[in-house]
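Here are a few friendly notes to read alongside the model. Take them one at a time, and keep the 3D view open as you go.

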Amino acid sequence: MPYVIESRGVRKSFGETEALRDATLAVSPGECVGLLGPNGAGKSTFIGILYGAVRRSGGDLSVFGMDPATQSRDIKRRLGVVPQENALDEGLTVEENMLLFARFLGLPVAKRAARVTELLKYMSLEHKAGAPIHALSGGMKRRLAFVRALLGDPEMLILDEPTTGLDPAVRHVLWEKVGDLRRQGKTILVSTHYMHEAEALCDRVIILNHGNITALGSPKELIREHTPGFVAIFSAAPEVCAKLSKQSGLVVDNRGDVALVRAPALDDLVRLQRELGIEAQQLRPANLEDVFLKITGEGLDQDA
Amino acid sequence: MRETLQLSWHVVVRNWRVYAKDFLANISPTAVDPALLLLALGMGLSPYMKEVEGHPYTAFLAPGLACTTAMFTAFFEASYGFYVKMTFEAIFKAMLTTPIGVDEILLGELWWVGIKGAMMATGVSLVLACFGLFTYLPWILAMPFIGAAVGLACGSIGLIASTMVKNIDQFQLAYAFVVSPLYFFSGVFFPVSAAPVWFRVMVNISPLYQGARLSQMAFWNDFHAGEAIVRTLVLLMYAGVLSLMAAKRVRKRIIL
């Protein structure tokens with residue numbers, strides 16, 4: 001089966017700044033791939049390049065076997081994009097926004113209204129059909145931007161931080177829909193800051209840092225490779241770190257307010273608590289966030 | 001090519017939908033301004049004036065106002081309007097996720113300023129015709145074309161400004177130093193025939209003056225084939241060259 005996305009050495013510079021370097025990866029049909037990275041890592045740049053909204057500076061790229069630099073129109077007919085900004089027409093109503101997009105996508109006139117109604121229902125927005133965009137909550141706007149991308153029944157969905165800045169309930173709804181689409185066999189590329197969501201949903205994740213792909217693999221593989229074992233989180237960081245300097249076999253990450261201690265087995269951490277006489281805030285298996293923090297060496301900005 | 005035209009038309013439809021939402025508010029200044037000007041200048045000054053180039057002052061003023069309205073509407077649409085769509089509203093970002101590409105956005109926006117120029121010039125002419133200021137009515141059919149060409153030229157100036165400003169306030173520079181001088185010195189408010197040679201030369205190269213003269217010929221039923229052809233060609237050249245310049249610059253701003 002040919003790849004949906006095949007990228008070899010794709011790069012982009014804005015003047016002196018290199019936003020993306022040597023992006024090499026391939027995405028198979030039906031795969032759900034997460035794009036992780038701190039702000040400014042090059043996620044949006046890469047996404048923009050995929051559908052021709054950003055011109056790449058070099059490298060080979062094919063999407064559905066076509067080059068986005070010259071055939072973006074044909075690529076975009078098979079693609080749904082949820083951009084980072086909702087980019088909704090504030091002056092128009094929910095329904096008008098959708099109908100306009102249906103027109104942009106070339107849906108037959110006779111089918112537009114039905115398709116719009118169907119999708120608004122799918123996202124529980126049908127009661128807001130006549131409401132102007134500025135009357136919607138942030139979560140509703142995001143949901144609308146999300147279903148708008150489904151209008152053309154695309155083979156692939158690209159979601160640029162679909163859940164950033166939303167409350168947990170809305171985030172849950174959106175991830176549920178992503179799961180839904182994944183089960184329908186759609187190829188999905190999603191950038192996010194929410195590691196546990198990416199871990200739960202994505203077949204593979206790509207970690208981008210300073211424009212470089214620093215890790216690529218299934219969440220399980222990456223955890224096994226970079227941060228195997230279990231993690232204890234202690235709130236009394238200085239105290240814990242001072243006592244721990246003598247211990248061996250443990251990986252300690254002092255993050256100022258908290259200290260993260262990783263050990264091969266849960267028992268090691270339970271024993272450690274006893275030895276230190278300090279109870280950990282949390283004991284848990286290592287997850288993608290640990291991988292991310294290790295690789296990028298940075299904290300996560302939740303909403304920035 | 002057919003697809004490009006079709007997709008660029010979607011951009012026009014989008015603009016129309018938004019415009020039509022607040023049609024009365026949107027059309028008010030463009031319709032009211034020329035009426036007020038005609039009232040204030042025309043009726044206010046007429047008693048103090050003899051005829052201007054063989055016309056009562058209101059009749060002299062009328063054709064120019066049809067053109068200046070086209071200029072303002074196109075300039076504002078392509079400057080503030082376009083800039084807001086490009087930056088704050090991210091309208092083009094959304095469009096770019098659909099089969100619409102940067103060429104279609106550009107073409108659509110140019111269509112739109114041309115159409116608005118045509119609409120405004122024609123609308124104002126119709127209103128003025130009601131006051132008997134349009135001598136020979138069939139000539140009104142020329143107004144959409146004059147308005148579209150003026151709109152395209154002045155809209156392109158707005159688009160070029162949109163790619164140069166660092167923030168929305170800087171449009172005032174383009175307004176103060178380009179649009180205002182065009183407005184006041186394009187033979188709309190006073191005849192240039194009595195002015196010094198250097199001034200006449202300046203006026204003659206103004207894109208708005210070409211439109212104003214064509215409009216005067218239409219309003220006054222005073223057709224001069226030679227001049228009409230030259231003015232039309234110069235105006236079309238402005239529209240063409242300026243929109244190409246605008247296209248080149250806008251393309252770089254929209255596709256990074």
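1. Start with helix 1 and helix 5 of chain B, which are oblique to each other. This is a predicted model, and in it helix 1 (residues 2-21) and helix 5 (residues 102-130) of chain B pack at an angle of about 55°.

2. Helix 1 of chain B contributes residues including L7(B), W9(B), V11(B) and N15(B), while helix 5 of chain B brings, among them, I105(B), L107(B), W111(B) and W112(B).

3. Next, find D22(A), in strand 2 (residues 17-27) of chain A. Although D22(A) is not a glycine, its phi is positive, at about 50°. Is D22(A) buried, exposed or partly exposed? With 15 other C-beta atoms within 10 Å, D22(A) is partly exposed, because that label covers counts between 12 and 20.

4. Finally, visit A90(B), in the loop between helix 3 (57-86) and helix 4 (91-96) of chain B. A90(B) is another residue other than glycine with a positive phi, near 50°. There are 18 other C-beta atoms within 10 Å of A90(B), so A90(B) is partly exposed.

Methods
Residues are numbered from 1 along each chain as its sequence is written. Chains are lettered from A and ligands numbered from 1 in the order in which they are written. This is a predicted model: local features need pLDDT of at least 70, side-chain atom pairs count only at pLDDT 80 or more; totals for chains, interfaces and linings use all residues. Helices (H or I, at least four residues) and strands (E, at least two) are DSSP runs, numbered from the N terminus. Axes are lines fitted to C-alpha atoms, for helices over the stretch in contact, and angles run from 0 to 180 degrees between N-to-C directions. Angles under 35 degrees count as roughly parallel, over 145 as roughly antiparallel, 65 to 115 as roughly perpendicular and the rest as oblique. Two residues are in contact if their C-beta atoms, placed from the backbone, lie within 7 Å.
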